[in-house]
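This report is for a reader who is new to the structure shown below. Please keep the sequence and the 3D view at hand while reading.

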Amino acid sequence: MTPASNTHSAAAAHNVLSQFAATGVQSCFHGRHLQPQILAGLDGSNWRLKDYEARGGYQALKKILGLDGAVPTGSPVVPGMTPDQVIAEVKASGLRGRGGAGFPTGLKWSFMPRQFPGQKYLVCNSDEGEPGTCKDRDIMQYNPHSVIEGMAIAAYAMGISVGYNYIHGEIFATYQRFEEALEEARAAGFLGDRILGSGFSFQLHASHGFGAYICGEETALLESLEGKKGQPRFKPPFPASFGLYGKPTTINNTETFAAVPWIIRNGGQAFLEVGKPNNGGTKIYSVSGDVELPGNYEVPLGTPFSKLLELAGGVRKGRTLKAVIPGGSSAPVLPAAIMMECTMDYDSIAKAGSMLGSGAVIVMDDSRCMVESLKRLSYFYMHESCGQCTPCREGTGWLWRMVDRIHNGHGKPSDLDLLNSVADNIQGRTICALGDAAAMPVRAMIKHFRHEFEAMIPQKTPQAEQV
């Protein structure tokens with residue numbers, strides 16, 4: 001290929017990718033957040049180290065290292081915070097994993113073996129590929145140092161000296177931005193050997209994937225980091241004992257790490273009080289679908305869904321709310337009547353029969369066909385299955401083909417029961433949760449909107465199909 005054709009190809013690729021480039025104007029700079037912590041004070045241009053320090057950045061890291069000028073307390077008098085004190089503060093905050101599972105962060109950190117004699121690793125899961133989710137991208141693009149500082153604090157608490165941030169391959173510009181932030185942090189002494197002259201060392205590296213949804217599963221992510229095919233591992237052993245390169249590893253989501261500096265600066269109790277019991281702090285919700293003002297909204301956990309919908313401008317064009325997927329495409333759909341009674345926190349959404357998940361709120365109005373919506377979701381999970389487990393590899397294809405058949409008017413009366421049966425035989429029978437993610441939307445759609453599926457199925461099966 002000639003240099004000219006190389007240039008032409010690069011320009012063409014840039015033109016295609018530029019269609020998907022986020023400006024952030026609609027996503028997080030709208031000024032409609034409630035008590036923001038991570039997205040507070042951002043305008044799209046103030047992402048650099050000097051801007052972050054002006055907002056109080058790296059004060060939490062200095063605090064735990066005893067370099068913030070505070071008078072030491074306690075007996076014996078020790079400047080800064082011990083690793084145990086850092087973990088205790090995170091436990092008191094009620095911070096739960098922001099990637100989907102909602103596992104208590106401080107408890108996860110306490111699983112890391114303290115006296116392990118070899119190398120230990122810290123990993124940030126920034127492989128954001130769940131349809132409807134775009135919060136981690138904005139955090140790394142517009143406040144990358146919050147993630148870096150949060151990871152450094154976590155590494156100190158667990159006695160870890162090496163970390164990686166695994167970034168989704170389809171947001172390469174964000175990966176480049178994070179690399180720039182890493183260089184700034186290293187040059188200023190916030191990363192590297194003997195950070196700020198202390199005895200604490202932490203090396204942090206960025207690694208980009210190639211856009212595989214399955215690599216958002218933590219063990220598939222580890223496999224990819226090691227240079228292997230991104231497929232989930234059997235558990236046990238769990239990453240805390242056998243993770244990256246077979247060494248103890250702790251993995252948290254981007255937003256989880258970004259929340260840590262605020263907790264250390266202001267205290268775990270203050271963070272907990274922003275949210276509600278067992279659901280501390282704020283959460284960034286990616287609101288999309290049939291709303292007037294889609295975007296990322298940072299609000300306290302426990303905020304009523306009706307308030308979040310109001311912040312997003314309400315249902316578009318004055319239409320009526322029909323259904324909501326509250327936690328990314330893998331979360332079971334909830335009808336409007338149920339969703340309007342929910343508060344946006346892990347426990348309330350679970351009680352309603354769904355999951356808060358990644359916090360991607362997909363709003364659907366009364367113009368939406370639920371059969372068509374399920375068809376699109378089912379195709380995604382069929383496409384993204386890694387193929388390692390037979391129930392998922394074969395079952396996701398079955399689900400899509402049956403929903404596609406119903407949507408095209410060729411369904412059979414037995415298809416709905418068969419759909420539920422296939423979903424039941426996928427859910428809980430695979431190595432990772434992608435099988436569950438494919439099955440749960442099917443079961444929820446049929447449970448709440450069965451009449452729409454039945455309306456598309458001919459009441460009498462053609463003679464040819466009876467044979």
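Asp404 and Lys375 meet in a salt bridge whose closest N and O atoms lie 3.1 Å apart. Asp404 belongs to helix H16 and Lys375 to helix H15, so that the pair links distant parts of the chain, 29 residues apart. Both ends are covered: Asp404 is buried, and Lys375 is buried too. The model discussed here is a predicted one.

Asp415 and Arg405 form another salt bridge, with 2.6 Å between the closest N and O atoms. Here helix H17 (residues 415-426) supplies Asp415 and helix H16 supplies Arg405, ten residues apart in the chain. Is Asp415 buried or exposed? Asp415 counts as buried because its relative accessibility is 1%, under the 20% limit. Arg405, in contrast, has a relative accessible area of 28% and is therefore partly exposed.

The side chains of Asp417 and Arg450 also form a salt bridge, at 3.5 Å from N to O. Asp417 lies in helix H17 and Arg450 in helix H18, so this pair ties together parts that are 33 residues apart in sequence. Arg450 is partly exposed, with a relative accessible area of 29%. The structure holds 29 salt bridges. In general, side chains of opposite charge can pair when their charged atoms come close.

Helix H15 covers residues 370-384. How far apart are its end C-alpha atoms? They are 21 Å apart, which agrees with the 21 Å that 15 residues should span at 1.5 Å a residue.

Buried residues of H15 include Met370, Val371, Leu374, Leu377, Phe380 and Tyr381. Lys375, the partner of Asp404, is also one of the buried residues of H15.

## The five-stranded sheet

Five strands make up an open sheet with mixed pairing, in the order E6-E5-E11-E8-E9. Its edge strands are E6 (295-300) and E9 (334-335), each of which pairs on one side only. Strand E5 (residues 282-289) pairs with E6 in the antiparallel sense, over six bridges. The two strands form a hairpin with five residues between them. Within this pairing, Ser286 has Asn296 of E6 as its bridge partner, and Thr282 stands opposite Pro300 in E6. Although E6 is an edge strand, six of its six residues are buried.

Val363 is found in strand E11. With a relative accessible area of 2%, Val363 is buried, because that value is under 20%. Leaving aside neighbours within four places in sequence, Val363 is in contact with Val287, Ser288, Gly289, Asp290, Val291, Leu309, Leu321 and Ala323. The C-alpha atoms of Val363 and Ile325 are separated by 6.6 Å, although the two residues are 38 apart along the chain.

## A nonpolar surface patch

Which residues form a nonpolar patch on the surface? The patch consists of Phe103, Leu107 and Phe111, with about 260 Å² of accessible area together. Phe103 sits in the loop between helix H4 (83-93) and helix H5 (105-110). Phe103 counts as partly exposed, at 35% relative accessibility.

## Loops with particular backbone geometry

The loop between helix H9 (218-225) and strand E4 (249-253) contains Pro236. Pro237 has its place in the loop between H9 and E4 as well. A cis peptide bond joins Lys235 and Pro236, with omega about 0°. The bond from Pro236 to Pro237 is cis too, with omega near 5°.

Tyr245 also lies in the loop between H9 and E4. The phi angle of Tyr245 is near 55°, a positive value in a residue other than glycine. At 43% relative accessibility, Tyr245 counts as partly exposed. Leu196 likewise has a positive phi, near 55°, and is found in the loop between helix H8 (172-187) and strand E3 (203-208). Leu196 is partly exposed, at 29% relative accessibility.

Methods
Residues numbered from 1 in each chain as written. Predicted model: local features only at pLDDT ≥ 70, side-chain atom pairs only at ≥ 80, totals over all residues. Heavy atoms only, no water. Pairing = 2+ DSSP bridges. Helix = DSSP H or I, 4+ residues; strand = E, 2+ residues; numbered from the N terminus. Patch = residues over 30% accessible without salt bridge, like charges linked within 9 Å, V, L, I, M, F, W, Y side chains within 5 Å. Areas by Shrake-Rupley, 256 points an atom, 1.4 Å probe, with all protein chains shown as cover. Salt bridge = Lys/Arg side-chain N within 4 Å of Asp/Glu carboxyl O. Buried < 20%, exposed > 50% of the residue type's maximum accessible area, 1.4 Å probe, protein only. Expected span 1.5 Å × (residues − 1). Contact = heavy atoms within 4.5 Å.
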